Amino acid sequence: MKSTWKTIAAVAALSLPLAGIASPSPAAAAPEAPAINPAPMVVPSLHEWTGGAGTVEIKPTSRIVVSAALNQIGEEFSDDLAEMTGLELDVVTGASQPGDISLVLDIADKYATGGERYDAEGYKLDVSAEEVVVTAPTETGAYYGTRSILQIMTQTDGRNKLPVGGAVDWPDYEARGFILDVGRRVFSADFVDDYIKMMSYYKLNRFQIHLNDNQIFVDNGDWRESYMGFRLKSDNPKYAGLASADGSYDRADWDGFEATAASRGVQIIPEIDVPAHAAAIIKWRPDIGLNGGKSDHLDLSKAETTEVIKGMFDEFMPWFQGAEVNFGADEYPGNKAQYRQFYNDMAEHIRATGKQPGAWGSFTEMSKGTGMSGVEGYDKDVIINSWNNGWYGLNAAAADKMKFINTNDGTLYVVPFADYYHGNGLNNQWLYTDWLPNMAGGEVVDPSQIMGSMFAVWNDLVDRDYNEQDVHGLIERSFPVVAQKTWTAKAPKVSYAAFNTALDKVGMGPSLGTIKDTTPAAGAVDLATGKPAAATSTKAGHPASNLTDGDQNTRWESADNKAAALSVDLGSVQKVGGIAAEWAANAPAGYAVETSKDGVFWDRVTTHEVAGAGPDQLTFPTTEARFVRLAGLTPSAGFDTVGAWSLGVQGVTNVAVGAVATASGNEAPSLPANQAFDGNLATRWSANYNGTRWIAGDLGKEQTVNEVTIAWEGASAKDYTVSTSKDGSSWSIVATKTGMPENKRTDVVSFVPVTARHIKVEVQAANMGIYLSAYEIEVRNTDVTGLGITGTLDGEPNITGALDGETNVDGIFDVEPTVTLAATGAAAADAVIEYRIGNGTWTAYTAPFAVAGYQPTLVDYRATSGEEAFAGYVSLALNTPGASPSPEPTEPVVTDEPTEPVVTDEPTEPVVTDEPTEPVVTDEPTEPVATDKPTEPVVTDEPTEQVVTDKPTAPTVPAVTDKPTVPATTPAAMANGLASTGANVAMLGLVGMLLLGLGMLTMIRRRSARGGHEG
């Protein structure tokens, strides 16, 4: 690859302006009117926005001003801001000052357009140059206003800005939520707590927990040995044996749920499902079950049964702090008259405790053959989940004037990994573009007749091997979609692709300890997530591991203003093609990229100038590496440290992003072919139902490709071909796939490299008949053809931690190692390789060479072939006999990263610097001095010394240095093929004088805040 490394220092010096010479200024242009800010992206979207001009920066000196009633919300908001933006703002009462964020509770605040929904949960957000103000008639509304501020700020560069303007916001529907079946599969208390927090971030306000259930089908109708669960654990001996042994929630757990929900505007709706789905209850009391306790249905012919169930509800009713309690009441095929009486008794009993009863709608089915219709004869003061049109649909509930919520099974149910009820997750794209909460299974009711909508997870497959995180992966993006359509119930103004791209930045909210966003960011193939990361400088509480933990609300920060370096161990050699980072407000000025396959020989890949805070993308020709290092991370002007929210290492570049798509057809206008080439794994193409089905992409130019990756939806292809073309007319099949498995999957199709501009996938058979859909088609060239150098060492150092009995265990070579170099890549045959040792001259490489010395030594090497160039290095810690004497090294620097090597923050080539121009005074002799002192590595600030590291030359973890620059070029003695870095020390004085002269020029001007990496 073409390397600019060697030219950076020279360019930096030559590009400095001469004193007294001003750059010409362009002619003055007429000032443009400031742009009006569009509505910021918030999930769910803002109802109304009036844009102003410009942005407001929230600074560390800003405060959160609250009244006493909003103090808890203010404190939580402060904690959330610190986590998500890095700003630590004080919470105060009293008068606001310029730059503050004020939370105002005004119970008289009204907004006619929002009506009663605004009165209950609405808020106003006003952002001006003077201050930011949230005004709301309720605490919930004020809390929602803080969620919008958090989401807006996290999308700005530096996470510290808000657009000037004003918003008025409120929900269209009262009920917006989610139902989780923990009866058939236990979910940890931490997971449940995280879900409450995440829901509040999206302004979802109802969390229904289905607390008991059992296996659906059993042999011989005997449920006694089937899987079942009851998840509340009382310490009352009367209820011993009721709670499941494999997991349950005690009072402390439940109190934690309620506390989390209460402070975040979420209502927990506990559901104990009776008289069906009750095997766990019958196991505790077999005498109240049908068929002698073998059934999962209660025996409602016994008066005692109802009294036992009432008593059980009474035991747990004090736990429940919300206004509603659901008693299930679905799918009971027993005596319908007895069922109706039980239903009415339970509704009345729950209401007598001060709670609003809720149940699953069953009236249409349960009224058949009774001489009554629908809800006739039933207690109507019950909130109904309308879950199936056959049992009790939207139209029936609306006609009966019931209070009901749309939880339709065909639209909103997920049974994880089943072949029914959206086993791979809801159709989020269709929900976002086409669905509304008053629609279900072909039925539509007036929005005023329905409370809202909730989606649900049912863990029917009790024998299937999956866990809570697997479930989360299926539904994580359904939360924001359902939130969007229940809060702002109309066709979105933003495309689904743009919505998901925003979610990549908005995230799932603060204070999450268990769940993480598992949806791949648009266009990214991140190799670094979950991999070890290290830094040469770390501020307490913000380690480098935060950069690769998959949590966008954790960050790394350096400890001081010295140059730092970051490194990532990918675990194995991977094909690497870029860096993706999100820099904090204290972004670096730039950095250099180094890679290594073994942690010993390092490739100098490229340098990069950082434009400032926010997302930062760098691509380079594909190379192979296990270790990736960003070196030379120096704070930009105005900051004392460097910070980042994430650091990704990208794989081979996908050249199909943005390809012009054509296809045989689309299932619907909202599922077009171009969504298979948009780099977004949340969007998809869905094919026409009949005839030949194919999709093609125009890559824009001819290029070499050898791999196509297809991310299929559940409606996947069974038999298909991949073809290429230069002109889009003449096609050649490069790969054929047959008998591919069912369900959602990703196929990586490799083939012999070809030159092509067009890619086509043609499907001969699909696994779901007429249905065929793909999320994404990616095209790559995975070959590494660029010029490179591989290096090997003959000889081993004594590694720290060697076996007892070895006398030298400090990782230093005490026998001269031999370095062997070889060019790689398509142009390797014509490559010219050169190397230099320490501060020596460049020498043509013709054969392996030995290296000797008494101190750490840098061996640089480079190759050229035509227009291609490559550079790299290896650092060796030496203490070899027979070498010329070296200056006595000083002790290594001790850092706060015990597993990382000693580093230096001074480059060894001329750079722009603000150091004083006087010569360094030293008491070191200028002639070689013999010494019997230990030969620890030299660590120095002098620019004329070579780069120093204390890392052994065959490390299991790579050395992390904070400067990638080449060493100074003091000549080294060469004799009989053995190079000594201790020779010609007297030359240091001359080189130092030369560098001092150049330094006086380069120190005329400090490096700017956005300058490139110089060195």
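The side chain of histidine 758 has a polar atom that lies 3.5 Å from the backbone nitrogen of glycine 728, a polar contact in the sense of a pair of N or O atoms within 3.5 Å, of which, within protein, one must be able to donate a hydrogen and the other to accept it, residues adjacent in sequence counting only if both atoms are side-chain atoms. This is a predicted model, in which local features need pLDDT of at least 70 and side-chain atom pairs count only at pLDDT 80 or more, while totals for chains, interfaces and linings use all residues. Residues are numbered from 1 along each chain as its sequence is written, and side-chain values use heavy atoms, with hydrogens and water left out.

Histidine 758 belongs to strand β33 (residues 745-766), where helices (H or I, at least four residues) and strands (E, at least two) are DSSP runs numbered from the N terminus. With a relative accessible area of 13%, histidine 758 is buried; buried means under 20% relative accessible area, exposed over 50%, and partly exposed in between, for a 1.4 Å probe and protein chains only. Leaving aside neighbours within four places in sequence, histidine 758 is in contact with residues including Asp698, Ser723, Lys726, Gly728 and Trp731, contact being heavy atoms within 4.5 Å.

Within α6, Trp254, Phe257, Glu258, Thr260 and Ala261 are buried. Seen down the axis of α6, these buried residues fall within an arc of 165°, so they line one face of the helix, the arc being that of the directions from the helix axis to the C-beta atoms. They pack against α5 (189-201), β9 (206-210) and β12 (267-274), whereas Ala252 and Ala262, on the other side of α6, are exposed.

The largest nonpolar core has 150 residues, of which Ile281 and Phe313 touch the most other members; such a core is a set of buried Ala, Val, Leu, Ile, Met, Phe, Trp, Tyr and Cys residues joined through side-chain atoms within 4.5 Å. Apart from it lies another core, of 29 residues, among them Ala528, Val568, Val605 and Leu630.
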